[in-house]
Structures are given as C-alpha cells and as structure tokens.
Amino acid sequence: MIVTLIIVCEVAFWVLLAAGLALRYLARMPRTGAAVLLCEPLLELVLLVVTAVDLKNGAEPDWKHGLAAVYIGFTATHGHYLIKWADGHVAHRFAGGPRPVKPPRYGTARAVHEWKMAARGIGAAAIAAALLQGAVWYVGDAGQVESLRMWQLRMGAVAGISALIALSYTLFPKQAPAGTDAPARPGPRERAGR
C-alpha cells in the first residue's frame with residue numbers, strides 16, 4: 001500500500017503542477033493556479049500520515065516505510081525548485097516571460113550553483129533521516145527497525161556524495177573554453193574610433 005501511495009503522490013505532483021501552470025498561464029487565472037500549486041505539500045502530508053498509521057496498526061517497518069521518508073525529504077527540498085523551474089519555462093513559452101536563466105557552466109559561479117544543489121540534497125537527506133528516526137522511536141522495538149536504520153545510512157551517503165560533488169567543482173572548477181568568456185577585442189578601426 002505504501003509503494004502504491006508513493007507512486008500516486010508522484011503522479012499527483014505532476015498533475016497538480018500541470019494543472020496549476022495551465023490555470024495560471026493558459027486560463028489566465030493566476031490566483032487559482034497558485035492555489036493549486038500550493039496544494040503540492042498536502043501530498044507529502046498524506047503520505048506521512050498514512051505511513052504513520054500503517055506503523056501504528058502493527059505493520060513491520062521495512063524498506064517501503066524508509067522509501068516514504070526519503071520521498072518526503074526529497075520532495076520537501078526539491079519540489080519548490082522544480083515548480084519554480086517549470087513556472088519559468090511555461091511563463092516564457094506561453095506568457096511572453098523572459099527566457100529562463102540557465103545554470104552557470106564554468107568557474108566560481110558553477111561552484112556556487114553546485115553548493116546550492118548540494119544543500120538541497122543534504123537537506124533532503126537530513127529530513128529523511130529525521131523522519132526515519134521518528135519512526136524508529138515510534139516503533140520502539142530495536143529488532144524491527146533495522147531496515148529504517150539502513151535507510152538512515154543511505155541518507156548519510158547521499159549527503160556525503162552531494163557535498164563531494166560540490167567540493168569537486170570548488171577545487172577543480174571547470175574552465176570556459178578559450179575565447180568564450182573573454183569580451184571581443186576591438187579591431188584596429190574600433191581602437192582608432194572610426
């Protein structure tokens with residue numbers, strides 16, 4: 001039941017996103033569209049409540065409960081970013097908005113972008129680990145929570161990998177190809193003011 005609900009929540013996320021953006025830009029109902037987009041966090045709340053009720057009703061904690069915590073953590077930290085990204089693209093395509101800015105590709109700006117993405121990954125892992133710890137305390141039986149502890153270890157690995165990726169962009173920044181970032185040098189006529 002938990003895995004089915006996770007799939008339903010993921011599908012509902014995309015349906016709500018499409019409906020909210022369609023209302024906002026195609027139907028010219030920005031407030032209604034924003035209200036639909038604000039319903040997104042309710043999906044995670046439903047998943048959290050159903051998972052807690054499942055555990056309360058005596059279900060043995062297993063990988064499905066861990067996956068639910070991970071899904072909630074990642075949706076909490078990446079959902080707004082994804083909605084903002086999609087909103088920018090739909091506004092540009094259908095409402096004459098500015099072209100969305102692409103992430104920087106080189107140098108310090110790219111490293112800063114990667115650290116922001118790493119912060120999202122680390123935050124997601126922290127939220128998932130906290131939810132998993134709450135489930136461990138809720139269940140209380142040390143023999144039944146091994147799968148939840150394994151998910152916590154995986155979240156530690158996710159946080160570490162996220163930080164390592166960002167650190168690699170800091171220590172070894174990708175350089176722009178020669179001539180792409182340098183402003184064009186004026187020719188002899190421009191220097192002479194002709």
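This is a predicted model: local features need pLDDT of at least 70, side-chain atom pairs count only at pLDDT 80 or more; totals for chains, interfaces and linings use all residues.
1. The largest share, six residues, comes from H4. By class, the lining has seven nonpolar, three polar and four charged residues.

2. The largest pocket holds about 570 Å³ of space. Among its 18 lining residues, Tyr81, Trp85, Val101, Lys102 and Pro103 are the closest to the centre. Helix H4 (63-94) and H5 are the elements that give two or more residues to the lining. The lining of the largest pocket comprises nine nonpolar, four polar and five charged residues.

3. Helix H5 (residues 107-139) packs with helix H6 (residues 146-171) at an angle of about 170°, and their axes are 8 Å apart. Angles over 145 degrees count as roughly antiparallel, and H5 and H6 are therefore roughly antiparallel to each other. Their contact has 20 nonpolar, five polar and three charged residues.

4. Helix H3 (residues 40-56) also packs with H5, at an angle of about 25° and with the axes 10 Å apart. Angles under 35 degrees count as roughly parallel, so H3 is roughly parallel to H5. The crossing of H3 and H5 is right-handed.

5. Where these two helices touch, Leu48, Ala52, Leu55 and Lys56 in H3 meet Leu131, Ala135, Tyr138 and Val139 in H5. The contact of H3 with H5 has seven nonpolar residues, no polar residues and one charged residue.

Definitions and conventions. Residues are numbered from 1 along each chain as its sequence is written. Side-chain values use heavy atoms; hydrogens and water are left out. Axes are lines fitted to C-alpha atoms, for helices over the stretch in contact, and angles run from 0 to 180 degrees between N-to-C directions. Helices (H or I, at least four residues) and strands (E, at least two) are DSSP runs, numbered from the N terminus. Angles under 35 degrees count as roughly parallel, over 145 as roughly antiparallel, 65 to 115 as roughly perpendicular and the rest as oblique. Ala, Val, Leu, Ile, Met, Phe, Trp, Tyr, Cys and Pro count as nonpolar, Asp, Glu, Lys and Arg as charged, and the others, Gly among them, as polar. A crossing is left-handed if the near helix is turned anticlockwise from the far one by less than a right angle, and right-handed if clockwise. Contact means heavy atoms within 4.5 Å. On a 1 Å grid over the protein atoms alone, a cavity is a set of points where a 1.4 Å probe fits but cannot get out, and a pocket is an open set with protein on both sides within 12 Å along at least five of seven lines; lining residues have an atom within 4 Å of a point. Grid points are joined across faces, edges and corners, and a volume is the space filled by probe spheres set on the points.
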